[in-house]
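Please read the following report alongside the sequence and the model.

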Amino acid sequence: PDLKDIDPTVLKHCHAAAVTCILEAGKQQADISAISTCLEDCKLDKERIEQFCTEYQVLETILTYLYFLCRSPLHITDVAWRLEYQIK
């Protein structure tokens with residue numbers, strides 16, 4: 001509701017830019033100081049940079065937990081075989 005006055009195209013581009021920033025930071029394994037410096041170069045104010053870094057840390061924690069949950073390789077737990085053939 002707070003964003004209803006913003007043009008949907010501009011909002012879509014802003015969302016894509018934020019997601020790209022998060023993905024690149026994760027891919028480069030950037031720390032908070034590197035992200036903060038990059039966002040300062042983009043002329044974001046301190047409050048938004050702190051909020052972005054706080055949310056990024058939460059996301060990074062969640063991804064770390066997911067990594068530890070999925071470290072074991074996939075394995076088969078149950079198989080039901082059925083032989084089907086036709087004699088002509």
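K27 forms a salt bridge with E24, and their closest N and O atoms lie 3.2 Å apart; the term salt bridge stands for a side-chain nitrogen of Lys or Arg within 4 Å of a carboxyl oxygen of Asp or Glu. This is a predicted model, in which local features need pLDDT of at least 70 and side-chain atom pairs count only at pLDDT 80 or more, while totals for chains, interfaces and linings use all residues. Residues are numbered from 1 along each chain as its sequence is written, and side-chain values use heavy atoms, with hydrogens and water left out.

Both K27 and E24 belong to helix α1 (residues 8-28), where they are 3 residues apart, about one turn of the helix. Helices here are DSSP runs of H or I with at least four residues, strands are runs of E with at least two, and both are numbered from the N terminus. An α-helix has 3.6 residues a turn, so residues three or four places apart point the same way.

By the salt-bridge rule the count comes to 3, and the table sets out the pairs with the accessibility of each partner. Buried means under 20% relative accessible area, exposed means over 50%, and partly exposed lies in between, with a 1.4 Å probe and protein chains only.

| Pair | Closest N to O | Lys or Arg partner | Asp or Glu partner |
|---|---|---|---|
| K27 and E24 | 3.2 Å | K27, 60%, exposed | E24, 34%, partly exposed |
| K46 and E40 | 2.8 Å | K46, 52%, exposed | E40, 36%, partly exposed |

Turning to helix α2 (residues 32-41), its buried residues are I35, S36 and L39. Seen down the axis of α2, these buried residues fall within an arc of 100°, so they line one face of the helix; the arc is that of the directions from the helix axis to the C-beta atoms. After α2 comes K43, whose phi is positive, near 65°.
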